[in-house]
Amino acid sequence: MGTNHARHGAVALAVIGAVLAPVSPAFAADPPRADLRADVNRDGKVDVTGASDTAGENSWSARRGAVFLPNIDDDTGRCPVKGPDGRRLSDARLAACNDAADTLVNGSADAADLARVRSVPMRNLPATATGTLKIVSGGKKARLFVKRSSGWAPVTARTRLSAAELRSGVEFGVEGTDVIRDSAVWDGRAVIRLTVTSGGRSTSDEVTLRAAPLLTHHHLQNAQQLMVTKVPGRDDYARRQQAFVKGLAAEVKSAGIDKPLLTFDKYGDIWAQDFVEPGYVSMARPGGGRQTMRVMLRSAQADREAGRELFEKMRGNGVGVVQVAGVRDTEEWTLNSMGNLETVPPYTHGGRSFPAGRVIMGERKDNGSKPAKAMRTLLKSQGFQDPLLLDTSWLHVGHVDEFVQFLPADTPRGWKIGIADPEAGLRLLREAQEAGHGRTKMFSVPGSRDMPAPKETIDQALASRWLVADNTMAAKRIKANLEVLRRETGATDAEIVRVPALYTRGTQEGERGERVPRLSRMGAGELPEAVREYGQQKELARHADRAGAAPETVMTSAYVPGAVNGIVLGRNRYLAPRQWGPVIGGKDIFTSAVNAAYTGAGMKVSYLDDWYTYHLGAGEVHCGTNTLRDASAAWWLP
């Protein structure tokens, strides 16, 4: 019994000792640590077992850092374009609806737009542990979902993660509710914090994501689909414009672009280049490739109704629309057309790199007018394509697409600058005159009963009051803009493609012999009622008093159809407006010169007649069309 008593006493002492010993925290034996991971290296996967996504997880740069999409498309087509009463919605209400406007994940397509974040499994976590998740910075522009067996659920202040979920590792989804509009207000970053609490102790971890930049297309991206307005009706103008559309479709097919034209047909605004700029956002997706969303950037012209069709016709699965605070009929109205927004292809020069290209826009330096501040701020705030302003004071319409373009080329930088050359245009006329062809008609375009053909000759054109002065001025202004582009990009003389061109201030019949009145890309002028509904006649009146201004300040438009105002359909395919220049020896001298310029740059040129449909409205083939381009390449790679 003594032995039993001794044994029992030892057990009792052990029990007492265990009771009196300090209580160890739940994490003491093997303290798990909260660890939140995102796709920092942008390979489409969230690494929860290795370290590929840990370095720099709380910083962000052009090359590294997790990305999420502004989820502004409409994957299930649920956004209405009319109210319950059948009336059309306001612009604000149209823009307010998208996939991020609710707290639901609307199907698998919507789920694919979510950037993934994961928690590293916490294997030894006690059953009493709970977790919470919070967007501690950027929460007004980002939304968080947690993936559970029942599907995606929005994360709220009441959301709790169970110990079982935390042990297995939890998957989250992040979406943006808008694009970055002003980096001074929101720079696109969202900081997400996971907090795990157990046994009176908490452990937290944070990861930073940034909204994908909204980028515009450049000409090194292959054309995938062309857009154009189709005017209904059977009047003479409608028939001509429909013939233009038919011809465009044939050229697109010939260039190997399979998708049919996307036609706008509701508002009659023929300048499809001007009311929208196609852009895109993208991020890496699991399994490789990119999750890409097209974003149609509506022009900052509050009274341009055609932009509504972007919401009514284009917004849908994988396509969103963005509009900014628009200007109405002001001095800047025409500067806010998207023909005044082009993109230099990617380049690095002078210590600055633009891997996604760089936006150029025109401003009127003579009076200080610029494109809308809201648009310039949005573009700059993306952090990639900082807009470069060129001087378009000398142009009646004032758009950069009237004199400059960028062509794919086999050069170290991959592209060349195509630039209008008025001196070459004058030289063509003078050489023809010196060769005895001064009495040849300046334009070979055929006329009709309603639109008689111009009758002036080369002699009359060169003897006219303004032609030489206007083009001398235009050449000077173009040269100054080209020097800006060369300084900024490093382009050399060998990377400049000079394309013959001529400009004129002429807007009145008789100013150039027998020329017909010029229509207006800004105000529609003599265009049919169907295509001038958006009313910019005041813009014409505003500039009318400048028609007799000095050559250094007068504003001009293309005299011969502007060849640079065409479409890059492929790496070696270019569509230009038909020149209709003087025909000598059976050949149009401007067509021959334009062919030589583009052929020398490795481009095969075809032509589309736009004389009566666009040229007389101070625009060309480019102005009347728009292009959706391939956005599959990663903007974050060199």
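Hi everyone, thanks for coming. Please keep in mind throughout that we are looking at a predicted model.

Let me start with strand 10, residues 201-211, and its two partners. On one side of the story is strand 9, residues 189-198, which is joined to strand 10 by 10 bridges and runs antiparallel to it. If you want a residue pair to click on, take isoleucine 192, whose bridge partner in strand 10 is valine 207. Strands 9 and 10 make a hairpin with 2 residues between them. In that turn, glycine 199 has a positive phi of about 60 degrees. The other partner is strand 2, residues 66-68, which runs parallel to strand 10 and is joined to it by 3 bridges. Here phenylalanine 68 has alanine 211 of strand 10 as its bridge partner. As a reminder, strands of a sheet pair through backbone hydrogen bonds, either parallel or antiparallel.

Which strands form it, and in what order? Three of them, in the order 22-23-24, and they give an open sheet with mixed pairing. Strand 22 and strand 24, the latter covering 496-500, are the edges, each pairing on one side only. On average, neighbouring strands here are turned by 30 degrees against each other, ignoring direction. Strand 22 and strand 23, residues 415-421, run antiparallel and share 5 bridges. Within that pairing, glutamine 405 stands opposite glycine 418 of strand 23.

What packs on this sheet? Helix 8 does, touching strand 23 and strand 24, and its direction makes about 50 degrees with that of strand 23. Helix 12, residues 589-600, packs there too, touching strand 22, strand 23 and strand 24. The direction of helix 12 makes about 170 degrees with that of strand 24.

Helix 8, residues 422-437, also packs against helix 10, residues 467-489. The angle is about 150 degrees, and the axes are 8 Å apart. From helix 8, the residues involved include Pro422, Leu426 and Arg430, and from helix 10 they include Leu467, Asn471 and Ile478. By class, that contact has 8 nonpolar, 1 polar and 2 charged residues.

The largest cavity holds about 190 Å³ of space, and 17 residues line it. Lying nearest its centre are His219, Glu277, Glu342, His622 and Arg629. The elements giving two or more residues to this lining are strand 14 (276-284), strand 17 (341-344), strand 22 (404-408), strand 27 (567-570) and strand 32 (625-629). Strand 32 gives the largest share, 3 residues. The lining divides into 4 nonpolar, 10 polar and 3 charged residues.

Finally, aromatics. The model has 14 aromatic pairs. Why is the pair of phenylalanine 384 and tryptophan 635 edge-to-face? Because the ring planes are at 80 degrees, with the ring centres 5.2 Å apart; planes over 60 degrees apart count as edge-to-face. Phenylalanine 384 sits in the loop between helix 7 (373-381) and strand 21 (388-391), and tryptophan 635 in the segment after strand 32, so the pair ties together parts that are 251 residues apart in sequence.

That's my tour; happy to take questions!

Key:
Residues are numbered from 1 along each chain as its sequence is written. This is a predicted model: local features need pLDDT of at least 70, side-chain atom pairs count only at pLDDT 80 or more; totals for chains, interfaces and linings use all residues. Side-chain values use heavy atoms; hydrogens and water are left out. Two strands pair if DSSP finds at least two bridges between them. Helices (H or I, at least four residues) and strands (E, at least two) are DSSP runs, numbered from the N terminus. On a 1 Å grid over the protein atoms alone, a cavity is a set of points where a 1.4 Å probe fits but cannot get out, and a pocket is an open set with protein on both sides within 12 Å along at least five of seven lines; lining residues have an atom within 4 Å of a point. Grid points are joined across faces, edges and corners, and a volume is the space filled by probe spheres set on the points. Ala, Val, Leu, Ile, Met, Phe, Trp, Tyr, Cys and Pro count as nonpolar, Asp, Glu, Lys and Arg as charged, and the others, Gly among them, as polar. Axes are lines fitted to C-alpha atoms, for helices over the stretch in contact, and angles run from 0 to 180 degrees between N-to-C directions. Contact means heavy atoms within 4.5 Å. Rings of Phe, Tyr and Trp (its six-membered ring) pair if their centres lie within 6.5 Å; planes under 30 degrees apart count as stacked, over 60 as edge-to-face and the rest as tilted.
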